[in-house]
Amino acid sequence: MLRPVIDTDGAPFWEYAARGELRVQACADCHEPRFPPRPCCPHCQSFASEWRPTSGRGRIWSYVVPHPPLLPEYAAQAPYNVVVVELDDAPRVRMAGNVVSEAGAPLDSLSPDRVRIGARVQAVFADGVPQWVLERP
């Protein structure tokens, strides 16, 4: 599987994820959350930032099921989902990922027909990478 490319701005995100925490960067001046991490606030242009913990809960904002997989390394796990999740406590923040049956499960562990726009999800972590699981009603 591909590993994330970690840059200076995003390094804290991955450090928190390695500890099982989903945090987002926020402006320390205007308090707007932002993702992906970057040095300057797109709202007020401040360079001051902080990392806020989130509940890790959200909803599927969009999704696709790649056919065929875009990268040959993923072919054995097709079909699988790729989702965009809108976070409950930072609604302007949307993160890409995969919905799996449980933390660390393969990409194809959840049937694509179980993924729906608006479905409630919770962040879980496998090897320091956020994944998503469906919340139980």
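**Close-up views of a predicted model**

**View 1. Strand β8 gives the largest share of the largest pocket's lining, 4 residues.** The model shown here is predicted, so please read it with these limits: local features need pLDDT of at least 70, side-chain atom pairs count only at pLDDT 80 or more, and totals for chains, interfaces and linings use all residues. Numbering starts from 1 along each chain as its sequence is written, and side-chain values use heavy atoms, leaving out hydrogens and water. A pocket is an open set of points on a 1 Å grid where a 1.4 Å probe fits, with protein on both sides within 12 Å along at least five of seven lines; lining residues have an atom within 4 Å of a point. Here, 34 residues form the lining, and L2, G97, N98, V129 and P130 lie nearest the pocket's centre. Helix α1 (11–18) and strands β6 (94–97) and β8 (129–134) each supply at least two lining residues.

**View 2. The largest nonpolar core has 20 residues.** Look for L87, M95, V99 and W132, which touch the most other members. This core takes at least two residues each from α1, β5 (82–87), β7 (120–126) and β8. Its largest share, 3 residues, comes from β5. Core members are buried nonpolar residues joined through side-chain atoms within 4.5 Å.

**View 3. L87 and its contacts (heavy atoms within 4.5 Å).** Leaving aside neighbours within four places in sequence, L87 is in contact with L22, V24, T54, R57, G58, V93, M95 and W132.

**View 4. F13 and W14 form an edge-to-face aromatic pair.** Their ring centres are 4.9 Å apart, with 90° between the planes. (Rings pair if centres lie within 6.5 Å; planes under 30 degrees apart are stacked, over 60 edge-to-face, the rest tilted.) F13 counts as buried because its relative accessibility is 4%, while W14, at 21%, counts as partly exposed. (Buried means under 20%, exposed over 50%, partly exposed in between, with a 1.4 Å probe.) Ring pairs also bring in F35, linking F13, W14 and F35 into a cluster. The structure holds 4 aromatic pairs.

**View 5. Y16 and W51 form a tilted aromatic pair.** Here the centres are 6.4 Å apart and the planes are at 45°. Y16 sits in helix α1 and W51 in strand β3 (residues 49–53), so this pair ties together parts that are 35 residues apart in sequence. Both residues count as buried: Y16 has 18% relative accessibility, and W51 has 17%.

How values were computed
Rings of Phe, Tyr and Trp (its six-membered ring) pair if their centres lie within 6.5 Å; planes under 30 degrees apart count as stacked, over 60 as edge-to-face and the rest as tilted.
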